[in-house]
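Reader: I would like to learn how to read a few features from a set of coordinates. Could we take them one at a time, with the general idea before the case?

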Amino acid sequence: MLRMITHSIDRLEYLCSVIPPLLSSIPDHEFRNKPAPGKWSRQEILGHLIDSATNNHQRFIRVQFEEIPYIRYDQDQWVLNSHYNELNKEDMIEFWKRYNLHLVELMRRIPAENLQKFCNTGGENPVTLEFLVNDYV
């Protein structure tokens with residue numbers, strides 16, 4: 001169990017070092033381009049990943065001290081109301097990186113006994129904190 005969590009944490013840390021330069025190399029006009037009506041631009045996808053970090057941050061913490069917290073995430077509404085295509089690309093990339101490095105540190109400090117606590121994410125059944133960590137990465 002802890003080995004699988006450690007693998008996820010190490011992978012997220014690695015991704016934080018590799019992904020930002022790749023995203024920065026994409027020209028702004030391509031990064032903001034929506035491939036089709038109703039589809040997200042790359043910048044909105046990055047915004048979605050920031051939103052995911054935000055929602056999972058709450059899950060990672062609250063599941064440890066609340067009795068099966070309910071934390072649902074409506075990704076389309078979050079992206080729509082965050083106006084990501086209007087924001088500075090480099091600021092968003094840096095924020096994604098820093099936020100995820102913060103989550104890496106939090107995940108490293110989760111006591112093993114808390115990994116089997118449950119969170120309701122709006123699905124059919126509550127899921128464990130262990131599942132949430134692995135699924136996030």
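Reader: Leaving aside its neighbours within four places in sequence, which residues is L49 in contact with?

Author: Bear in mind that this is a predicted model. Beyond those sequence neighbours, L49 is in contact with W96 and Y136. L49 itself belongs to helix α3, which runs over residues 42-62, and its relative accessible area of 36% makes it partly exposed.

Reader: Which residues of α5 are buried, and why do they line one face of the helix?

Author: An α-helix has 3.6 residues a turn, so residues three or four places apart point the same way. In α5 the buried residues are K89, M92, I93, W96, Y99, N100, L103, V104 and M107. Viewed down the axis of α5, these buried residues fall within an arc of 155°, so they line one face of the helix.

Reader: How far apart are the end C-alpha atoms of helix α5, and what is found at its start?

Author: The 20 residues of α5, residues 89-108, should span 28 Å at 1.5 Å a residue, and the end C-alpha atoms are 29 Å apart, which agrees. At the start of this helix, a side-chain oxygen of N88 comes to within 3.0 Å of the backbone nitrogen of E90.

Reader: Is C16 buried or exposed, and how many disulfides are there?

Author: C16 counts as buried because its relative accessibility is 2%, under the 20% cut-off. C119 is buried too, with a relative accessible area of 0%. The count of disulfides, taken as cysteine sulfur atoms within 2.5 Å, comes to zero.

Conventions. Residues are numbered from 1 along each chain as its sequence is written. This is a predicted model: local features need pLDDT of at least 70, side-chain atom pairs count only at pLDDT 80 or more; totals for chains, interfaces and linings use all residues. Side-chain values use heavy atoms; hydrogens and water are left out. Helices (H or I, at least four residues) and strands (E, at least two) are DSSP runs, numbered from the N terminus. The expected span of a helix is 1.5 Å times one less than its number of residues. Buried means under 20% relative accessible area, exposed over 50%, partly exposed in between (1.4 Å probe, protein chains only). The arc is that of the directions from the helix axis to the C-beta atoms. A polar contact is a pair of N or O atoms within 3.5 Å; within protein, one must be able to donate a hydrogen and the other to accept it, and residues adjacent in sequence count only if both atoms are side-chain atoms. Contact means heavy atoms within 4.5 Å.
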